[in-house]
Amino acid sequence: MVYDACVEVKLREGIADPQGSTIEKATANLGFAGITNVRVGKSIRFQIEADNDEEASKIVNELCDRFLTNPVIEEAVIEIQVVG
Amino acid sequence: MSQKIGVVVFPGSNCEMDAMEAFSDLGASPRLLWHADRDIGGVDAVVIPGGFAHGDYLRPGAIARFSPAMEAIIDFAHNGGPVLGICNGFQVLTEAGLLPGALQKNAGLKFLCKEVELRVETTNSVLTNMAYEGQTLRIPINHFEGNFTCTDETLTKLQSNGQIILTYTENPNGSIANIAAICNAQRNVVGLMPHPERACHALLGSTDGRTLLESFIQGAHANV
């Protein structure tokens, strides 16, 4: 089966986010009041072939641990759906 | 006999010739190593130079760490071989797990290109064995992601083992504990964001980098 995968890579809690804090300052400067806790991540989308949901999830998790995230500072939120 | 220093070239490296020049000037025998070769040619020490290996795509060093040469370099490091990562090379070494922590975007999001003052925190490393503790060195930085970060637990370990080898006297990038350079627990693998190879000639404004590179050559000699 073919699955659509979406991996959101985000900084771990407690890790400073210079992009997030710069954006947060800009929102106030632009007159948007009350915007706090801005955090910037990235999303990586791809398709993957696997026999079943469990196998797809296992492969994507391993890919995130080894390559798509740096576990020292980042974590991944994974969404997987069968195509179709 | 002069020390054979392998300088690794990845697609996107751009400081390899500066490193070659500096090490030749200091009497070593540097040679270029291609990242796709598994064989590192019996060198006495390895340098991973600055630049943007693989375009820094995904994260700096994230793709470079899987290059075939890195397998050999990881073995070499585990066997006590001296390994130096400069700037992007430091990022590659943290991604490869040879050094702890990670390098994040600079606080303030500025690309920094200027000379900074460093303080030698310990002489017990392959990069600082010819310096003296408390010595200050003026060396340029040239980076966007040089903000060293790690968990509290790792920081405590770095501090108690004396693995923080150089600090900034004025923190330019937000690095935790003003860290500019660290070494591994065995003290043979070092990573630093500043560029000592660009501070080896009076014409370049500073010769303070020579102390660090001479220390590294000395480390390579001790490894033979």
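I looked up the bridge partner of V46(B) in β4(B) and found V83(B). The model is predicted, with local features requiring pLDDT of at least 70, side-chain atom pairs counting only at pLDDT 80 or more, and totals for chains, interfaces and linings using all residues. Residues are numbered from 1 along each chain as its sequence is written, and chains are lettered from A in the order in which they are written.

I noted that strand β3 (residues 45-48) of chain B pairs with β4(B) in the parallel sense over three bridges; pairing requires at least two bridges found by DSSP, and strands are DSSP runs of E with at least two residues, helices runs of H or I with at least four, numbered from the N terminus. From β3(B) the chain passes through helix α2 (residues 68-78) of chain B to β4(B), a right-handed β-α-β crossover (clockwise from the first strand over the helix to the second, with the strands pointing away from the viewer).

I then followed β4(B) to strand β11 (residues 189-192) of chain B: the two run parallel and are joined by four bridges. There G85(B) has G191(B) as its bridge partner.

I checked the faces of strand β4 (residues 83-86) of chain B: V83(B) and G85(B) on one side, and L84(B) and I86(B) on the other, are all buried (20 or more other C-beta atoms within 10 Å of the residue's own, with C-beta atoms placed from the backbone).

I traced the open sheet of nine strands in chain B as β2-β1-β3-β4-β11-β10-β9-β6-β7, with mixed pairing. Its edge strands are β2 (29-34) and β7 (136-143) of chain B, each pairing on one side only.

How values were computed:
Buried ≥ 20, exposed ≤ 12 C-beta atoms within 10 Å, placed from the backbone.
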